[in-house]
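I opened my notebook to look at how one model is put together.

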Amino acid sequence: MKIAVVVSELNIRGGTHKQVLRLCQYLRKKGNDVCIYTKYYDLSKTYSEFINFNIKYLHKEPKERQGILRKINALLNFLILDYLREKKLYKMIPKDVDVINVHDNGLYYLSSLAKKDNKKVVWQINDLSGVFSVGIGKENNLNIFDKCTKKYIERVSKKIDKITVNVTKNKERVKACLNRDALVLYCGVDDNKHLIIHNYNEDNKVFKLLTTGVFLPYRNYETLVDVVDVLRKRGYDVKMDIIGATYLCPEYVNYIETKIQKKNLQKMVKIWGQVDEVTYNKLYNEANAFAFINIDQSWGLTVFEAMSCGLPTIVSNSVGAIELLKNDVDSIIVQPHDINKICDVLINLMVNKEYYNRIAENAIISAKSYTWEKMYCEPLLKVFTELLMETSYEKSIIN
C-alpha cells in the first residue's frame, strides 16, 4: 500500500510527532510504501529517527512577518498563505497514493484538495481547532473570521473518509462539533532503554520534580511553580525541571518566568526549553516524580512515558490519559488547581518508601501493556486496508 502521512510541522518534539514517527515505522515494517509530508521540517528539533524516512517539506521554519502583515497574519495565513502552502505540499504527493493520513489541525485545504481528486483521507484529530471553543480552546471568543473558519472546517470534515481520535472525550467532541463518528485509537508507549527504572532513594537529599510539554497556557505550569514554593516554605528541598519548546507562546513563557522570579525560585525551577535526547534522558533519570496537570489536555502521551520507567506520576483529572489509569494504584490523579493536594501527594512520595515503590512498580506494569503496535498502529493500518478495499470495489463497479 502507498501511504502519504501528512503533519503540519516536524520542527518540534511532541506527542503528535511521536505518533507520526511510530506509525510510519510500523507501516514500513509491514511492507508499505510510506512518505511523510510537512510544511516545516528541521531534524535537529524533532525526533532523530525521522532521518530514516523520506520527508518532503516546504521550509525549515515559518517566516516571521513584520509590520502590518504581522497584524493581519492570522487572516492572511488562512485565506492566502496556508492555501498556497498546502496546495504546494499536496502537489508533492504522488497521484497513485492509496491513502492520505492527515495528523491534527491546520491541513484543511490539503484535505479538501485530496477529496476533489477522490483520494481516501483519514484524519487523526488530537485536538479540535480552537474555533470550536472546546478543550484547550474553550475560552476563545469567536470573531467573524473564526466563524467563517469553523464553517469551512465543518464542510471539509463531511468529506473525510474516516476520523480517528486518541481519547473518548475527543470522540464526543467530534460528534458534537462535526456530527461525525470517530474511531478511538489510544497511543502507545515507548520502550526507552536509556531511562533507568526508578525506586525510592533513601539517600536522596533533593527531591526533583519533572514536567514536560510545549509552552502553552493550558500546561498549567503556574500551579506547579506554586507547589514548589509551598513545599520549600514547609521545609522540603524540592526542585523542578520543565522541558518544552518555548517559541509557540512567548507570552506564556514570560508569565511563568516572571512568576518564578517574583517567588525567588530561579535556582529551584529551571525552564530547559526543547532539549536533545541526551539531556531529555538525563533529566528523566535524575527526576524523582513526574507531574502532568494540564487543563483539558486531550491525551498526554508523556504520562505513559514517565510511568514506563517507574516515575510516580501525578496527573490532572482533565487529562484524557486518565481513561486508562488507576488512581492511587499506577498513578495519582488530582484536580489541576489543587495546590495543597499536589503538595500532600509529593510529601507522601518523599517520606513513604512503601507508597513510592508501589506506585512506581504498578506504573511500569501498566505502561508495558500499552504498545504502539497493539494500541494504535495495527488498528490504523486496518482502517487504511478497509478503505483501499472500498476503492477497489468502487473501481470494479465503474468498470
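**Ground rules.** I am working from a predicted model, where local features need pLDDT of at least 70, side-chain atom pairs count only at pLDDT 80 or more, and totals for chains, interfaces and linings use all residues. I number residues from 1 along each chain as its sequence is written, and side-chain values use heavy atoms, with hydrogens and water left out.

**The sheet.** I looked up the strand order first. I found 7 strands in an open sheet, ordered E3-E2-E1-E4-E5-E6-E7, with parallel pairing. E3 (55-59) and E7 (183-184) are at the edges with a single partner strand each, so one side of each has no neighbour in the sheet. My labels are DSSP runs numbered from the N terminus: helices are H or I of at least four residues, strands are E of at least two. Two strands pair if DSSP finds at least two bridges between them.

His103 has Gln124 of E5 as its bridge partner.

**The cores.** Which residues have the most contacts inside the largest nonpolar core? They are Phe50, Tyr284 and Phe304, in a core of 59 residues. Such a core is a set of buried Ala, Val, Leu, Ile, Met, Phe, Trp, Tyr and Cys residues joined through side-chain atoms within 4.5 Å. Buried means under 20% relative accessible area, with a 1.4 Å probe and protein chains only.

Elements that each supply at least two residues of this core include E1, H1, H10 and H12. H13 gives the largest share, 9 residues.

I also followed Tyr284: beyond its neighbours within four places in sequence, its contacts (heavy atoms within 4.5 Å) include Leu195, His198, Phe290 and Ala306. A second, separate core has 37 residues, among them Ile242 and Ile342.

**H10 and H12.** How do H10 and H12 cross? Their axes come within 7 Å and cross at roughly 120 degrees. I take axes as lines fitted to C-alpha atoms over the stretch in contact, with angles from 0 to 180 degrees between N-to-C directions. H10 and H12 are therefore oblique to each other, which is the class left after under 35, over 145 and 65 to 115 degrees are taken out.

Phe304, Met307 and Ser308 of H10 make the contact with Ala363, Ile364, Ser366 and Ala367 of H12. Gly310 follows H10, and its phi is positive, near 80 degrees.

How values were computed:
Buried < 20%, exposed > 50% of the residue type's maximum accessible area, 1.4 Å probe, protein only.
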